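Thanks for coming. I will go through one model, a few places at a time.

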Amino acid sequence: MLAEAPDWMDAPARARVEGAIASIGWRAETVASWLSLLARVGGPVDGDFVDWLAVDRIEGREFDIGLHRHWLDPTRPFAEIVLKPAHGALVTSATLTGGGDWEVAEARTGAPHLLRPAARFEAKSPFDYTRQAEVLIVTDVKRGDIGALANAYAQLIVASRGGTLGLFTAIRRLRGVHGRIADRLAREGLPLHAQHVDPIDTGTLVDIFRDDPGASLLGTDALRDGVDVPGESLRLVVMEGVPWAKPSVLHAARRLAGGGSAYDDRLVRARLAQAFGRLIRRADDPGVFVMLSAAMPSRLLSAFPPGVPIARVTLEEAVARVASRLSSRAPVGHERREPA
């Protein structure tokens with residue numbers, strides 16, 4: 001009908017026919033996808049993939065049901081589609097070996113799936129971490145106590161006079177802390193912004209944070225792994241807990257294949273290395289990294305650069321150290337306000 005349109009087919013009629021064709025095509029693709037998914041139920045196990053059925057609920061009501069399939073090793077399709085057809089590939093990161101050694105780094109990038117071995121190159125860091133930074137592990141903030149956690153964040157942000165990136169492993173805790181400290185910091189003249197709270201996209205929030213050295217920003221994974229804020233605008237990073245992987249079917253399968261607890265440790269070291277990497281971006285950057293978790297295992301401290309001082313301290317001592325190192329570098333207009 002579209003190729004040899006009859007006289008009665010005007011523009012609206014043509015649009016309805018084209019819409020019907022698109023709808024039928026979409027239904028055919030959907031049915032084919034479901035047939036493929038259902039064929040795996042009760043079928044032979046494919047060791048390259050992880051399959052599971054998930055039911056998503058909100059307030060006791062199911063709103064979505066799906067069969068999921070993920071590669072057990074996602075670097076295999078990456079190597080086939082991206083690396084092998086390329087004339088050459090360069091994979092680089094300041095934390096490429098974070099959480100392990102070169103073998104771990106190559107496993108993450110798909111190099112073992114190539115015919116030729118990867119060439120390795122490592123450049124020494126230009127930063128003097130011994131002089132520029134320190135890591136403080138606070139030992140007296142009770143786990144699960146939102147009030148104590150909020151108090152710790154507020155004291156540390158006031159001590160540094162802003163310039164703080166607060167990182168959370170759960171959105172619920174982020175919102176709980178933000179709700180308790182926003183007014184307190186506002187009275188101190190210290191702006192506070194938060195991912196998942198402010199109705200602004202993450203990129204804009206980071207730009208606002210970058211432009212105001214007295215501001216602070218709270219966020220989750222996206223801020224831990226992809227924020228570049230050099231200079232005075234980011235001089236303190238505070239993490240509310242050790243970033244363990246969330247339990248899931250996919251994580252359990254990859255953990256079993258990757259060596260059990262050693263796999264978990266590699267993930268956490270890499271995340272800690274990424275979080276610390278937000279702190280020192282230039283040769284003249286100062287910085288303090290604070291972990292609000294007494295349960296930080298010593299075996300994970302290798303995630304931080306060699307030479308950086310690490311200490312387990314009380315919250316009171318951490319606040320004093322942050323104030324001593326950072327408050328003197330607070331920009332003009334954000335000095336500490338003393339009570340009248």
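**Notes on a predicted model**

Trp 34 is partly exposed, at a relative accessible area of 39%; buried means under 20%, exposed over 50%, and partly exposed in between, with a 1.4 Å probe and protein chains only. It sits in helix H1, residues 11–40, where helices are DSSP runs of H or I of at least four residues and strands are runs of E of at least two, numbered from the N terminus. Together, Trp 34, Leu 38 and Val 41 make a nonpolar surface patch of about 300 Å².

Some ground rules. This is a predicted model, with local features needing pLDDT of at least 70 and side-chain atom pairs counting only at pLDDT 80 or more, while totals for chains, interfaces and linings use all residues. Residues are numbered from 1 along each chain as its sequence is written, and side-chain values use heavy atoms, leaving out hydrogens and water.

On confidence: the chain has a mean pLDDT of 87, and 95% of its residues reach 70 or more; pLDDT is the predictor's confidence in each residue, from 0 to 100. Residues 336–340 have pLDDT below 50, and this stretch has 6 contacts in the model beyond near neighbours in sequence, a contact being heavy atoms within 4.5 Å. Where pLDDT is low, the predicted coordinates should not be read in detail.

Next, Ser 293. Is it buried or exposed? Ser 293 is buried, with a relative accessible area of 10%. It lies in the loop between strand E8 (287–291) and strand E9 (310–313). Beyond its neighbours within four places in sequence, Ser 293 contacts Ile 137, Val 138, Gly 241 and Val 242.

Notes: Patches are made of residues with over 30% relative accessible area and no salt bridge: like charges are joined within 9 Å, nonpolar side chains (Val, Leu, Ile, Met, Phe, Trp, Tyr) within 5 Å. Accessible areas come from the Shrake-Rupley method with a 1.4 Å probe; for residues, only the protein chains shown count as cover. A salt bridge is a side-chain nitrogen of Lys or Arg within 4 Å of a carboxyl oxygen of Asp or Glu.
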